Amino acid sequence: MLTKVSNRDTFFKETSTHYKEILKEFDNAGIEIMGTPWGFAPIYNILGLAVDSTPKFKSISENINSITDYTIISMGLSIIEPGNDPAPHYDLHPVNNNFKRYHLPLQLTDTSAIYVQEQDEWKKYTWELGEWMQFSGINHLHYPLNKDENGIARVVLLLDVFEGEVEDKDVYEYYEEIERLGARINGIDFRPNFEKYIHNKTLL
């Protein structure tokens, strides 16, 4: 459910290599965190939100819209504060094989892990700091946990992509589901991301 993947291109390689700098930039950027049980900061358009505070991430991300073998449709920070309560949930995203979710751990604790229900058993998975990993358990009941006693949060960069060619309808349905999730959490509207996606396509 959580497996290490190779650094397939410059974006994966550079974010993995410079994860400490990226974490520091995000810390200094003052990105707004959504008040969810696990904490989430949507940064699909981070270059527009905090361009002056994230020069390294800006440099790494300059050519992501020209990637041809996959399409980045969402990016965000998942932040688990220490002592969080388990909040089992499903991520009701596309079930077709073209959709993938990747994790890049930027900050971990000895107690941070993700638990996934497989059949009738809860299985524990852990990350490797600075290493891209694919999480294939989005449609399984799961929850992250961080029991650190020193007040350290677990921070993971989430990346949602469609592999290969993707139809606009698939991307729209993804954002539609994200919007429903956002509305349930605290009224966040994700629909404008679809417009950004369409706009970026016209620039290629």
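This is a predicted model: local features need pLDDT of at least 70, side-chain atom pairs count only at pLDDT 80 or more; totals for chains, interfaces and linings use all residues.
D69 is partly exposed, with a relative accessible area of 41%, where partly exposed denotes the range between buried (under 20% relative accessible area) and exposed (over 50%), computed with a 1.4 Å probe on protein chains only. Residues are numbered from 1 along each chain as its sequence is written, and side-chain values use heavy atoms, with hydrogens and water left out.

The confidence of the model is considered next. The mean pLDDT of the protein chain is 83, and 83% of the residues score at least 70; pLDDT is the predictor's confidence in each residue, on a scale from 0 to 100. Helices (H or I, at least four residues) and strands (E, at least two) are DSSP runs numbered from the N terminus.

A search of the whole structure finds nine salt bridges, a salt bridge being a side-chain nitrogen of Lys or Arg within 4 Å of a carboxyl oxygen of Asp or Glu. One of them joins the side chains of R8 and D69, with an N to O distance of 3.3 Å. This pair links distant parts of the chain: R8 belongs to the loop between β1 (2–4) and α1 (10–17), and D69 to the loop between α4 (55–61) and β3, 61 residues apart. R8, like D69, is partly exposed, its relative accessible area being 32%. In a further salt bridge, E62 and K58 have their closest N and O atoms 3.6 Å apart; K58 is partly exposed at 32% relative accessibility. Between E118 and K123 the closest N and O atoms are 3.8 Å apart. Here E118 is buried at 17% relative accessibility, while K123 is partly exposed at 34%. Salt bridges with shared partners also join R8, D69 and E163 into one network.

E163 lies in strand β9 (residues 154–163), where ten of ten residues are buried. Both faces of β9 are covered: R154, V156, L158, D160 and F162 are buried on one side, and V155, L157, L159, V161 and E163 on the other. Strand β3 (residues 70–80) pairs with β9 in the antiparallel sense over ten bridges, two strands being paired if DSSP finds at least two bridges between them. Within this pairing, Y70 stands opposite E163. Strand β4 (residues 99–107) is also antiparallel to β9, to which eight bridges join it. The bridge partner of L104 in β9 is L157.

The largest nonpolar core contains 24 residues, of which F11, I72, M75, L106, W132, L157 and L159 touch the most other members. A nonpolar core is a set of buried Ala, Val, Leu, Ile, Met, Phe, Trp, Tyr and Cys residues joined through side-chain atoms within 4.5 Å. Two or more residues of this core come from each of α1, α2 (19–29), α4, β3, β4 and β9. The greatest contribution is that of β3, with five residues. Apart from this core lies another of 21 residues, among them I114, M133, F135 and F194. In soluble globular proteins, nonpolar side chains tend to be buried together.

In helix α2, the buried residues are Y19, I22, L23, E25, F26 and A29. Seen down the axis of α2, these residues fall within an arc of 160 degrees, so they line one face of the helix; the arc is that of the directions from the helix axis to the C-beta atoms. K20, K24, D27 and N28 are exposed on the other side of α2. The helix is followed by G30, which has a positive phi, near 65 degrees.

An open sheet is formed by three strands in the order β6-β5-β8, with antiparallel pairing. Its edge strands, β6 and β8 (142–145), each pair on one side only. The twist averages 25 degrees from one strand to the next, with axes taken as lines fitted to C-alpha atoms (for helices over the stretch in contact) and angles running from 0 to 180 degrees between N-to-C directions. Strand β5 (residues 113–118) and β6 are paired over five bridges, and Q117 stands opposite W122 in β6.
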